[in-house]
Amino acid sequence: MRSRQYGADVLAAGNEPRGRRNSGPGRREIPKVEAERGLVVEDAEGRFCGAVAGYEKGAVTLEDRHGKRRVFPLAPGAFLLDGQPVTLVPPAPAAPALPIPGPIPGGPARTASGSVAAPASERARAKVARASRIYVEGKHDAELVEKIWGDDLRDVGVVVEYLEGIDDLPAIVGSFRPAPGRRLGVLVDHLVTGSKETRIAASVRSPDVLIAGHPYIDIWAAVRPAAVGIAAWPDVPPGQPWKEGVLRAIGWPPDVPSAWQRILRSVTSYADLEPALLGRVEELIDFVTAPGSA
């Protein structure tokens, strides 16, 4: 299992950005810099460099010179400015908040993920599917990935399949036969320290397999509560079915399929999803489309 830093990795122990690991008495305080539109920074691991295009509570959007956008959590010391670690903070209260941006009038068309859309002539052209794949846990995960990243995935020829759970993940990976030109990315729910999912993921070891996970017990909770008109996703006591418990707590009818369609309709762009999911999916797409992967 491999991990790269696309926003906070929920499994990484001691994954502080460069410049933050010396925690002794003489540790230098990391400066705070206002996330003004146009400010050019890179993530702390040096894997993405771009200008601030917008922010909302807890996240900032960077856009690189190719028009590609990434959403990063506003974590302490998570960015580099002129090669030095900084903490991005919202502009001063007197300045208007910058929303996660939509299409700029007269600018390039964008997909629901915020990427620059391919020309219509290219979108209409049939693409040969890559040998590399992305697996997700369930049908709801697959439908959410399709809604936000479907255009991007079709453009690069990546197929997403769902597994109905990951209990048999080692056998599933073995039957896929990953190789340098046949990479496999797996999106896992509830990939947190001590969880069953983490133990299963740790049993899969291949340089051609990337298992990336978000911390939510279910993909529903990766949708921002405000997008579906609730204050927060409720806590469900252990031992109770999570989805059914959520519906009871928020007062929706006890119909899981209908509730999911209501949630899915509420998601119109990447701004409706939590950064912890956005980073993981982008990471998987980059992994299976890296040079040398088929």
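These legends accompany several close-up views of a predicted model.

**View 1. Thr-111 sits in a loop and is buried.**
Let's start with a single residue. Thr-111 belongs to the loop that runs between strand E7 (84-89) and helix H1 (120-124). Its relative accessible area is 11%, which falls under the 20% cut-off, so Thr-111 counts as buried. Leaving aside neighbours within four places in sequence, the residues in contact with Thr-111 are Ala-117, Asp-151 and Asp-152.

**View 2. The side chain of Thr-111 makes polar contacts with Ser-113 and Asp-152.**
Stay with Thr-111 and look at its side chain. A polar contact of 3.0 Å joins the side chain of Thr-111 to that of Ser-113. Another polar contact, of 3.1 Å, joins the side chain of Thr-111 to the side chain of Asp-152. How many residues apart in sequence are Thr-111 and Asp-152? They are 41 residues apart along the chain, while their C-alpha atoms are 7.3 Å apart in space.

**View 3. Trp-220 and Trp-260 form a stacked pair of rings.**
Now for some aromatic rings. A search of the whole structure finds 6 aromatic pairs. In one of them, the ring centres of Trp-220 and Trp-260 are 6.3 Å apart and the planes meet at 15°, so this pair is stacked. The pair links distant parts of the chain: Trp-220 is in the loop between strand E11 (209-213) and helix H5 (242-250), and Trp-260 is in helix H6 (residues 256-266), 40 residues apart. Are these two residues buried or exposed? Both Trp-220 and Trp-260 are buried.

**View 4. Trp-233 and Trp-242 form a tilted pair.**
The ring centres of Trp-233 and Trp-242 are 6.3 Å apart, with the planes at 40°, so the pair is tilted. Trp-233 is buried, with a relative accessible area of 13%. Trp-242 is buried too, and its value is 15%. Which residues make up the aromatic cluster here? Trp-220, Trp-233, Trp-242 and Trp-260 form one cluster.

Key. Residues numbered from 1 in each chain as written. Predicted model: local features only at pLDDT ≥ 70, side-chain atom pairs only at ≥ 80, totals over all residues. Heavy atoms only, no water. Helix = DSSP H or I, 4+ residues; strand = E, 2+ residues; numbered from the N terminus. Buried < 20%, exposed > 50% of the residue type's maximum accessible area, 1.4 Å probe, protein only. Contact = heavy atoms within 4.5 Å. Polar contact = N/O pair within 3.5 Å; in protein donor to acceptor, adjacent residues only side chain to side chain. Phe/Tyr/Trp six-rings, centres within 6.5 Å; stacked < 30°, edge-to-face > 60°.
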